[in-house]
Amino acid sequence: MQYFIAIVPPDDYKDQITSFRNRWEHHRLNEVAEPHITVKAQGGLTADLTWLDKVKVLCSSVQHFQLTFTEPSAFGNEVVFLGVRSKEIFEFHKLLVGTVVPPSELIKQYFELDEFHPHLTLGQTHWGMHESEVEEMKLTSKHALAPFPTFMVTHVRVYQEVEPNQYVPFEDIPLAR
């Protein structure tokens with residue numbers, strides 16, 4: 001059983017992203033998880049949940065912070081995503097990794113710490129899209145998802161894997177006020 005920790009966009013924008021993703025017939029990302037920005041990947045978030053109380057304590061000391069989505073970009077021809085602008089998200093990510101203390105090989109595997117690149121994935125070839133569809137999604141999303149909102153991050157959401165490659169909300173953890 002795996003977990004990850006993420007920031008969820010406001011419901012209206014999350015719904016807009018979900019609808020946008022559904023425009024591509026073979027795209028299965030909505031079946032994997034709702035739109036989110038991962039701030040702590042699976043590494044170290046074990047089934048025994050010993051990390052959960054530590055994360056709750058950390059979150060109780062982290063102030064709300066502002067986050068802005070930016071124009072779509074891509075990782076090669078395989079992944080299209082919305083960028084994220086927030087200086088606080090990097091420090092929050094480091095604090096989460098420091099609290100969970102995953103092994104260094106998992107930090108590397110999940111692109112954490114120095115390789116952390118916060119984003120919201122819109123589509124990718126791994127979940128059924130062709131490279132040409134990824135490019136089409138990148139171009140289309142510039143208009144379909146604009147204006148790109150700014151919002152306050154007031155909590156994080158822990159997701160639990162219930163079936164292989166299917167994550168559902170497990171628990172919301174509030175940040176300090």
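1. Ile89 is found in helix α4, which spans residues 87-100. Helices here are DSSP runs of H or I with at least four residues, strands are runs of E with at least two, and both are numbered from the N terminus. Ile89 is buried, at a relative accessible area of 0%. The cut-offs are under 20% relative accessible area for buried, over 50% for exposed and partly exposed in between, with a 1.4 Å probe and protein chains only.

2. The model is predicted: local features need pLDDT of at least 70 and side-chain atom pairs count only at pLDDT 80 or more, whereas totals for chains, interfaces and linings use all residues. Residues are numbered from 1 along each chain as its sequence is written, and side-chain values use heavy atoms, leaving out hydrogens and water.

3. Which residues does Ile89 touch, not counting residues up to four places away in sequence? They are Ile7, Ile37, Val39, Phe65, Leu67, Val84, Phe116 and Pro118, where contact means heavy atoms within 4.5 Å. Arg28 is 61 residues from Ile89 along the chain, and their C-alpha atoms are separated by 27 Å.

4. Leu45 sits in the loop between β2 (37-40) and α3. Leu45 is buried too, with a relative accessible area of 3%. Residues up to four places away in sequence aside, Leu45 touches Tyr3, Phe4, Ile5, Lys40, Trp51 and Val100.

5. Helix α3 (residues 50-59) has Trp51, Leu52, Val55, Leu58 and Cys59 as its buried residues. These cover an arc of only 125 degrees around the axis, which puts them on the same side of α3; the arc is that of the directions from the helix axis to the C-beta atoms. Asp53 and Val57, on the other side of α3, are exposed. The cover over the buried residues of α3 includes β1 (3-7), α4, β7 (155-163) and β8 (166-174).

6. Helix α1 (residues 11-21) buries Tyr13, Lys14, Ile17, Phe20 and Arg21. Seen down the axis of α1, the buried residues fall within an arc of 125 degrees, so they line one face of the helix. An α-helix has 3.6 residues a turn, so residues three or four places apart point the same way. Asp11 and Asp12 are exposed on the other side of α1. Among the elements covering the buried residues of α1 are α2 (29-32), β3 (65-75), β4 (79-85) and β5 (119-124), along with α6 and β7.

7. How do α1 and α6 (residues 131-144) pack, and at what angle? The angle is about 145 degrees and the axes are 12 Å apart. Axes are lines fitted to C-alpha atoms, for helices over the stretch in contact, and angles run from 0 to 180 degrees between N-to-C directions. In this packing, Gln16, Phe20 and Arg21 of α1 meet Met137, Thr140, Ser141 and Ala144 of α6.

8. The protein chain has six helices and eight strands, in the order β-α-α-β-α-β-β-α-α-β-α-β-β-β along the sequence. Its radius of gyration is 16 Å, close to the 16 Å given by the globule rule for 177 residues, so the chain is as compact as a globular protein of that length. The radius is taken over C-alpha atoms, and the rule is 2.2 Å times the number of residues to the power 0.38.

9. Buried residues make up 46% of the 177 residues. Of the contacts with a separation of 6 or more, 74% involve residues 24 or more positions apart.
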